[in-house]
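Open your viewer and get ready to click along.

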Amino acid sequence: MSLPKRDGVQGRYYLIQKPDTNPEVLEHADQCIQDVLDGTAKENHSGYPVVVRNQSGTPFLPSQLLERYLSKLPLKGFPYEEAVTFCDALRRLVGWREIGHTLGKYIKHQVQERFFEIGENEDYFSPFPLCTAWPELRPEDVDENLLRFTCYVAVCYTVYGASDNTIITEHYLDLVSQLRPDMVKQLKTAGSGKLPKDIQRRKTEHFTASANDVFATIRITARDSTEECYAEILDYLCAVLEQEGFPRSYSVEFRGKEKLYLPIPGLPKKGVNQLFACAVQHPNLHPAMARYARLAMREFEWYQNLSDEACAMPGTFAVFALGLEGEPWAPLVTEYLDLCDDEHSSLQGKFLHALIRKFGFQPWTLGVLVRGALSMQWLEPAREFRSLIANGESLDALLAVKRRFSAYLLPEENEDPKFRAIAWQSLLWAIWGQASENGGSKVIKTAPKELRERYQEIFQ
């Protein structure tokens, strides 16, 4: 039995080739599938590609194991529960990225191509063609459990996939809704059904709320504006995010009587902004806000109900609200900034401007500004920054940062002298903008005589 090796791959794996796979290989594959179900299969945590090994140590690609498992399932009398059990077990073992594409291919072949007339893409940007159910299709021609499995795969794309995978969820649910609209309606009402009942819906004296894992939404209505109300809401938000099956990108839709928003010009005046602007008024709730923020913050995840130009990582508004409370929350703010996607996220720039306007240039605000300048593509300074820093105390704070600049960088950043130089220049740009170029000659030339020496030391 040959063991094909791939260039750059640590170790080897068996290939299931159709139609001429060695029967012994298939026997080992079936054993590996059973071991996945039994919880005795092993996965290589550091190697590439990811492989799954049965108890005998025989390695297989997860996608091929899944293909083999699915290929043996009947399309009439589809074993929904058993299929979900296996897919969940394999996902927990190797991660969604290793199986999502294979599940998508299965739905395409066994549902989309079998039951729908496939037209052209509606426009250049549409990733899926227009699909219309065959008019002669009878209800008995389509297995109900196969459609339930399609819904399961759709939910997985939202819960475990990338933030933009929701478009795949919508496509699969559109297919199902053409055949069984009641099935999709149930998902819209109650989600997948995996969330506990008190998470799906909660109603107290102070607020009502619901969470839907399929559509990645949390809806909250505050009945009053008391500290107790916001405490219960924060507790609910944390409880939702502690559910393993709830998506990491989601929308928070909040309605309350207090029409307050964070004092940061340019932030979208959405309910999630209003919620944390109200909650932060109560110091006793600050630890709960930080708890929510740390549960919510995930790189490359987003609040789904914000426009592209205002895209924000979950936890953003809680972090901004606490950050404007002062130095004790600087560590949380820097955690947040280090997770920001520097190619897409820009709201942090508006927060950093508000932070410096409120507290000026101090050692701790400059520490936050270092991480903020590295969190986006060239942070532009606010107009008043030049005047805010034009005093001995602020300039001395910046010089203190320069003298121990390594302390403000991550270990891997500090190892690269070029990166350190770029990081320092990014900080100077965030304060003086284009005037910081050419050794800050324009800044130094216009500096007051008594401060000029400090400016020269900053830019040298």
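Start by selecting Ile233. If you skip neighbours within four places in sequence, Ile233 is in contact (heavy atoms within 4.5 Å) with Phe207, Ile220, Ala222, Phe254 and Leu275. This is a predicted model, in which local features need pLDDT of at least 70 and side-chain atom pairs count only at pLDDT 80 or more, while totals for chains, interfaces and linings use all residues. Residues are numbered from 1 along each chain as its sequence is written, and side-chain values use heavy atoms, with hydrogens and water left out.

**Stop 1**

Buried means under 20% relative accessible area, exposed means over 50%, and partly exposed is in between, using a 1.4 Å probe and protein chains only. In soluble globular proteins, nonpolar side chains tend to be buried together.

**Stop 2: Gln64**

Select residues 62-71 to show helix α2, and find Gln64 in that helix. Is Gln64 buried or exposed? Gln64 counts as buried because its relative accessibility is 14%. Apart from neighbours within four places in sequence, Gln64 is in contact with Tyr14, Leu15 and Ile16. Zoom in on Ile16: its backbone nitrogen is reached by the side chain of Gln64 at 2.7 Å.

**Stop 3**

Select Ser163, Asp164, Thr166, Gln304 and Asp308. Of the 20 residues lining the largest pocket, these are the closest to its centre. The pocket has a volume of about 550 Å³. On a 1 Å grid over the protein atoms alone, a pocket is an open set of points where a 1.4 Å probe fits, with protein on both sides within 12 Å along at least five of seven lines; lining residues have an atom within 4 Å of a point. Grid points are joined across faces, edges and corners, and a volume is the space filled by probe spheres set on the points.

Highlight residues 166-179 next: this is helix α6, which gives the most to the lining of the largest pocket, with four residues.

For the second largest pocket, select Tyr80, Leu187, Gly191, Ser192 and Gly193, the closest to its centre of the 22 lining residues. About 380 Å³ of space lies in this pocket. Colour α3 (80-94), α5 (144-160) and α7 (181-190), each of which supplies at least two residues of the lining. Which of them gives the largest share? That is α5, with seven residues.

**Stop 3: Gln425 and Trp378**

Show helix α19 (residues 417-432) and pick out Gln425. With 26% relative accessibility, Gln425 counts as partly exposed. Leaving out neighbours within four places in sequence, its contacts are Trp378, Ser436 and Glu437. The side chains of Gln425 and Ser436 are joined by a polar contact of 3.3 Å. A polar contact is a pair of N or O atoms within 3.5 Å; within protein, one must be able to donate a hydrogen and the other to accept it, and residues adjacent in sequence count only if both atoms are side-chain atoms.

Move across to Trp378, in the loop between α15 (363-373) and α16 (385-389). Trp378 is not a glycine, yet has a positive phi of about 55 degrees. Most residues other than glycine have a negative phi. Trp378 counts as partly exposed, at 42% relative accessibility.

**Stop 4: Ala216**

Finally, select Ala216, in the loop between β7 (207-212) and β8 (217-222). Phi of Ala216 is also positive, near 50 degrees. Ala216 counts as buried, at 2% relative accessibility.

**Zoom out**

Of its 460 residues, 52% are buried.
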